[in-house]
Amino acid sequence: MRTIKLHLSWGSYEILIGHSLLSQVGETLKKSGFKDKIVIITNPVVGLLYGDSLRSGLEDHGFAPVILEVPEGEKYKSLVQAGKLYNHLADFQAERRTPVLALGGGVVGDLAGFVAATYMRGIPLVHLPTTLLSQVDSSIGGKVAVNHQRLKNVIGSFYQPELVITDIATLKTLPEKELENGMAEVIKYGVIRNRALFELLENKIGSIKALDEGLLEDVISLCTDIKAGIVEKDERDLGLRNILNFGHTVGHAIETVSHFRIAHGRAVAIGMVAEGMISRRMSILSDSELNRMKLLISRAGLPVKISGLDIRKLIKAMKHDKKKIGGKIRFALPKTIGDVFISEEVSPLTVEQVLKELYEETQDLCHNRQ
Ligand SMILES: NC(=O)c1ccc[n+]([C@@H]2O[C@H](COP(=O)([O-])OP(=O)(O)OC[C@H]3O[C@@H](n4cnc5c(N)ncnc54)[C@H](O)[C@@H]3O)[C@@H](O)[C@H]2O)c1
Ligand SMILES: [Zn+2]
């Protein structure tokens, strides 16, 4: 098991990463000083897989847990669901020191985190992330939120957990597509901050996808360490955290234009290729580095081209984002694998050319297949 400590202005907390840690949650929480009531928030998919054993493990250590389930899906990351959870917390007579355990992926983590942050002005939050994305990304950094109408994550706060327990064994039941979505963020960490991680992925992507336990522990720990280090320096997302957006400027436009039919990880994968191409066009990233990125992304099972989306709409979506940050599109662009820089100086023409290039390649491919 690895322990990564995240130091923040008000104190610190630990992220535990290892195999079969869910079976030890009772013991771990007892050591952390919790007692009596515990609220587990999950969804029916994850609840069915891990809820009962988590509950009985907690009972064995003298806790009185209750499981609250929210329906499966991003659309239930909402104020309506938060409202229902508040009712359950009140019925259960949750108190200021009653912890909320968020058992699930990023959707459950963000919603349960939001509820923990707001109920009685804040009750303890413990993340038990069960998707690769939530293990390397959403459970670290303290962002909690719900969606509002068509706006994603627009109602939220910064609220740090008291503990994160990352059980790698839960990835065994995760659908392959979800594992691949998480891999997009893993590759992102390599590109922005750690060339050795990128090389490890290049050498071992097959074994990682086959869920080799030791490798997964290494990879998830490296990613966690990178994100924790960035969050420590920029708790409230005012500067350095921008580098985590590599692949996301274009990626968000792809998600929006596809009406979220293209999953976040896949959109970010295409976004990383597009933003790598922008950097190459600016004569910063070399051809060979860009090709390595593309190859790894596709070997991870992720797309490297835009298909079936209207380029004009993509550009419009990016221009809309541009308004939000004072007229300029902000990009995190790779200099080399392992290092990025922030630029607001990318010309709209370059963006357009790159999107067209990505799109045209797809058309060529379709053409070749016919
Ligand atoms: N707070 C942050 O900093 C942050 C960062 C990135 C993303 N997010 C948010 O995270 C969410 C996406 O998270 P996600 O990718 O984890 O998706 P998710 O939570 O929807 O989980 C993906 C799917 O996997 C299922 N699942 C989860 N764990 C499983 C397991 N171990 N075995 C089998 N099935 C399992 C879920 O039921 C779901 O169907 C989005 O809402 C996004 O906005 C938040
Ligand atoms: Zn992301």
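Select His 259 to begin: this residue, just after helix H9, takes a positive phi of about 50°. The model is a predicted one, and every value in this tour is computed from it.

Next, select helix H9, which runs over residues 248-257. How many of its ten residues are buried? Eight of them are, and the helix is therefore mostly covered, where buried means under 20% relative accessible area. The buried residues of H9 are His 248, Thr 249, Val 250, Gly 251, Ala 253, Ile 254, Glu 255 and Val 257.

Because His 248 belongs to helix H9 and His 264 to helix H10 (residues 264-281), the two histidines tie together parts that are 16 residues apart in sequence.

Now colour the two histidines by accessibility. Is His 248 buried or exposed? His 248 is buried, at a relative accessible area of 6%. His 264 has a relative accessibility of 22% and counts as partly exposed.

Move on to ligand 1 and display its surroundings. The ligand is surrounded by 26 residues, and the closest are Glu 72, Glu 74, Thr 130, Thr 131 and Thr 173. By class, this shell consists of eight nonpolar, nine polar and nine charged residues.

From Glu 72, a polar side-chain atom lies 2.5 Å from an oxygen atom of ligand 1. From Asp 110, a polar side-chain atom lies 2.9 Å from a nitrogen atom of the ligand. At Lys 143, a polar backbone atom is 2.9 Å from a nitrogen atom of ligand 1. Of the 860 Å² of accessible area that ligand 1 has on its own, the protein covers 85%.

Finally, select the elements that contribute to this shell. Helix H2 (44-60), helix H4 (106-118), helix H5 (132-138) and strand E8 (151-158) each provide at least two residues. Which of the elements gives the most to the shell around ligand 1? That element is H2, with four residues.

Key: Residues numbered from 1 in each chain as written. Chains lettered and ligands numbered in written order. Predicted model: local features only at pLDDT ≥ 70, side-chain atom pairs only at ≥ 80, totals over all residues. Heavy atoms only, no water. Buried < 20%, exposed > 50% of the residue type's maximum accessible area, 1.4 Å probe, protein only. Near = heavy atom within 4 Å. Polar contact = N/O pair within 3.5 Å; in protein donor to acceptor, adjacent residues only side chain to side chain. Areas by Shrake-Rupley, 256 points an atom, 1.4 Å probe, with all protein chains shown as cover. Nonpolar A, V, L, I, M, F, W, Y, C, P; charged D, E, K, R; others polar.
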